[in-house]
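User: I would like to learn how to read a predicted model of two chains. Could you take me through it feature by feature?

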Amino acid sequence: MLSIVNRVLLGLLGLALFGAGLVVVLTALDVVPAAWPWSGPDDVLLSDADRTRWRDEGWWWPVVIGGLALVMLLALWWTVAQLRQQRLSEVLVDSGDGVGALLRGRAMEDVVSAEAESLPGIDEARVTLVGRRTQPRIRVGLLLAPQAQPDVAVHRLRTEAVEHARASAGLAVLPTEVRLRSTKHAPERLS
Amino acid sequence: MTNDTDEDVVEAADDEAATVSGPTLEKPAPEKSAPEESAPENRLAKTASAVRYEPGDAESEAVRRFWSVRRVPAALAAVLLVVAAGVLLYDIVSVRAERPAAAWRRELADELAVRGLDDASVVLAAVAAMLLGLWLVVLAVTPGLRGLLPMRRRDDAFLRAGIERGAAAVVLRDRALEVSGVRSVRVSVGRRRVRASAQAHFRDLDVVRADLDAVLGEGIRELGLARQPALAVQVHRPARR
C-alpha cells in the first residue's frame with residue numbers, strides 16, 4: 001500500500017518537474033506554442049506585474065495560504081508514513097466458541113523467530129507481523145549460516161515454524177515473505 | 001538500499017592459500033614435476049580452463065520480482081516539500097502580520113523578474129529539473145531491489161522468498177571450495193549469470209573445471225531460484241613465483 005502511494009506521488013512529482021523543465025528549455029530555444037506561459041526567450045520567469053497581479057483581490061491570500069498549508073500537511077503525513085512501522089500489535093484468535101482472544105503480535109513473532117533459529121542453516125531470524133488483525137501476514141529476514149542450503153531452509157521455515165504459528169493461532173492462511181541474507185563469513189574447508 | 005553495482009562478489013581463499021602468500025624460497029610448483037614430462041607440450045603450457053553454459057528456459061518459471069517500497073526517495077521528497085512549503089508559508093503569514101518580508105524572498109522575486117528564459121542559469125536549472133524528474137519517474141515505475149533474487153514458489157501460493165545475491169555468492173563459494181584442487185575461488189552472482197573464477201594448485205585444470213561445473217550447477221539448482229542463472233567457470237593456475 002505504502003509502495004503504491006510512494007510510487008504514484010514520486011511519479012507525479014517527477015512528471016511535474018520534467019514538464020516544467022521541458023517547457024522552460026523549449027521556450028529558451030524559441031519554440032513557443034500559444035498556450036505556453038512565456039512569450040519567448042526574452043521573457044522573464046516571473047515578472048513583478050505577474051507576481052502582484054491578484055494581490056489586491058480578496059480571495060488571493062486565503063487561497064495561497066490555504067494551499068500551502070494543505071501541501072505542507074500532506075507532505076507531513078507522507079513523511080510520517082515512511083517512518084511508521086507497519087507492525088501488527090495483536091492477532092485476533094477465533095477460539096470457535098464465539099469468544100475471541102487477542103494474541104500479542106510480539107509474542108507470535110518471538111515464537112516463530114525462536115523456532116526458525118533452531119532450524120539448521122539459519123543463524124538469525126527477524127520476524128515481523130504485518131497486515132490486519134484477522135488476516136495477518138508474516139515477514140521473515142533470515143541470516144544464513146555457513147554451509148546452509150537456502151531452498152531447504154526456506155522450505156523448513158514454511159512447513160515448520162510458520163506452519164506451527166499459523167495452526168496455533170487458528171488462522172486459515174498465513175502469507176509469508178522471506179528474504180535471505182548472509183554474513184560474509186570466512187570460508188570453511190571440509191577436507 | 002542501494003544496489004548500483006551489478007554483481008555481488010565474494011572472494012575467498014582457504015587457509016592454505018593464506019599461508020603460502022608472500023615471498024618464499026620454495027621450490028617451483030609441483031605440477032611441473034616428472035610424471036607430466038611425457039605429456040604433450042601444450043598440456044604443460046595450459047594455464048586456464050573456462051566454460052559457460054546457458055540454462056534451458058524449461059526450468060524457469062514466472063515469479064514476480066520483489067518491489068521496493070521506495071521509502072528513502074519518498075522520505076527525502078516529502079521532507080523537502082514540508083520544508084519548502086513551511087518556510088514559504090511562514091514568511092507569507094509574517095508579511096500578512098505587518099512584518100517585512102524575509103531577504104531571501106525579496107531576492108528571489110527580484111531574480112525571477114530579471115532573468116530571461118535564455119539565461120544560462122535558468123536553462124541549467126530547467127535541465128536539472130528535467131533530469132531529476134526523469135529519475136523520479138524511473139524510480140516510480142521500476143521494481144528496484146536488484147540485489148534480491150526471487151526464489152521458486154514450490155506450488156505454495158502463500159510463500160514468497162528471495163535470496164540476496166551476496167548470500168547466494170557465499171553459498172556457492174562455500175561449495176566451490178569443497179572441490180579438491182581449488183585453492184581459492186571468486187564467485188560473483190549477477191542477475192542472469194553466475195561467474196566463478198578459481199585458482200587450482202593441483203589436478204588437471206580441465207578436471208577441476210568439470211568438477212566445479214558439476215558442483216556449482218548443482219549448487220545453483222539447490223538455491224531454488226525462480227530464474228536459473230547461466231554459469232561461467234574459469235580455472236587458472238596460481239601465478240608462478
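Analyst: Start with a hairpin. In chain A, β3(A) is joined to β4(A) by a hairpin through four residues. Keep in mind that this is a predicted model.

User: In what sense do β3(A) and β4(A) pair, and over how many bridges?

Analyst: The general idea comes first. Strands of a sheet pair through backbone hydrogen bonds, either parallel or antiparallel. Here β3(A) and β4(A), residues 136–144, pair in the antiparallel sense over nine bridges. A:Gly131 stands opposite A:Pro136 in β4(A). A:Thr128 stands opposite A:Arg139.

User: How does β4(A) run relative to β5(A), parallel or antiparallel?

Analyst: Parallel, with seven bridges joining β4(A) to β5(A). Find A:Val140 and look across to β5(A): A:Val178 stands opposite.

User: Which strand of chain B is joined to β5 of chain A?

Analyst: That strand is β4(B). Five bridges join it to β5 of chain A, residues 176–182, and the two run parallel. A:Val178 has B:Ala161 as its bridge partner in β4(B).

User: Which side chains of β4(A) point to the buried face?

Analyst: In a regular strand the side chains alternate between the two faces of the sheet. In β4(A), the buried face takes A:Pro136, A:Ile138, A:Val140, A:Leu142 and A:Leu144.

User: Why does A:Ile138 count as buried?

Analyst: Count C-beta atoms around the residue. The cut-off for buried is 20 or more within 10 Å. A:Ile138 has 25 C-beta neighbours inside 10 Å, so it counts as buried. Now look at what A:Ile138 touches, leaving out residues up to four places away in sequence: A:Val112, A:Val127, A:Leu129, A:Val162, A:Leu174 and A:Thr176.

User: What does the domain assignment of chain A give?

Analyst: It gives domain 1 (2–83) and domain 2 (90–182). Their C-alpha centres lie 47 Å apart.

User: How many helices and strands does chain B have?

Analyst: Chain B has seven helices and seven strands. Along the sequence, the pattern is β-α-α-β-α-α-α-β-β-α-β-β-α-β. Of its 241 residues, buried ones make up 30%. Contact range is another thing to read. Take contacts in chain B between residues at least 6 apart in sequence: 68% join residues at least 24 apart.

User: Is α4(B) buried, or does it lie largely in the open?

Analyst: It lies largely in the open, because the number buried among the twelve residues of α4(B) is zero. At 1.5 Å a residue, α4(B) should span 16 Å, and its end C-alpha atoms are 17 Å apart, which agrees. For a contrast, go to B:Arg173 in helix α6 of chain B. B:Arg173 counts as buried, with 25 C-beta neighbours inside 10 Å.

User: How many residues of chain B are in contact with chain A?

Analyst: In chain B, 67 residues are in contact with 65 residues of chain A. Several elements of chain B each supply at least two residues of that side, including β1 (8–13), α4 (103–114) and β4 (159–164). The largest share, 16 residues, comes from α3(B). By class, the side of chain B that touches chain A has 46 nonpolar, six polar and 15 charged residues.

Key
Residues are numbered from 1 along each chain as its sequence is written. Chains are lettered from A and ligands numbered from 1 in the order in which they are written. This is a predicted model: local features need pLDDT of at least 70, side-chain atom pairs count only at pLDDT 80 or more; totals for chains, interfaces and linings use all residues. Two residues are in contact if their C-beta atoms, placed from the backbone, lie within 7 Å. Ala, Val, Leu, Ile, Met, Phe, Trp, Tyr, Cys and Pro count as nonpolar, Asp, Glu, Lys and Arg as charged, and the others, Gly among them, as polar. Two strands pair if DSSP finds at least two bridges between them. The expected span of a helix is 1.5 Å times one less than its number of residues. Domain bounds come from an automatic or database domain assignment.
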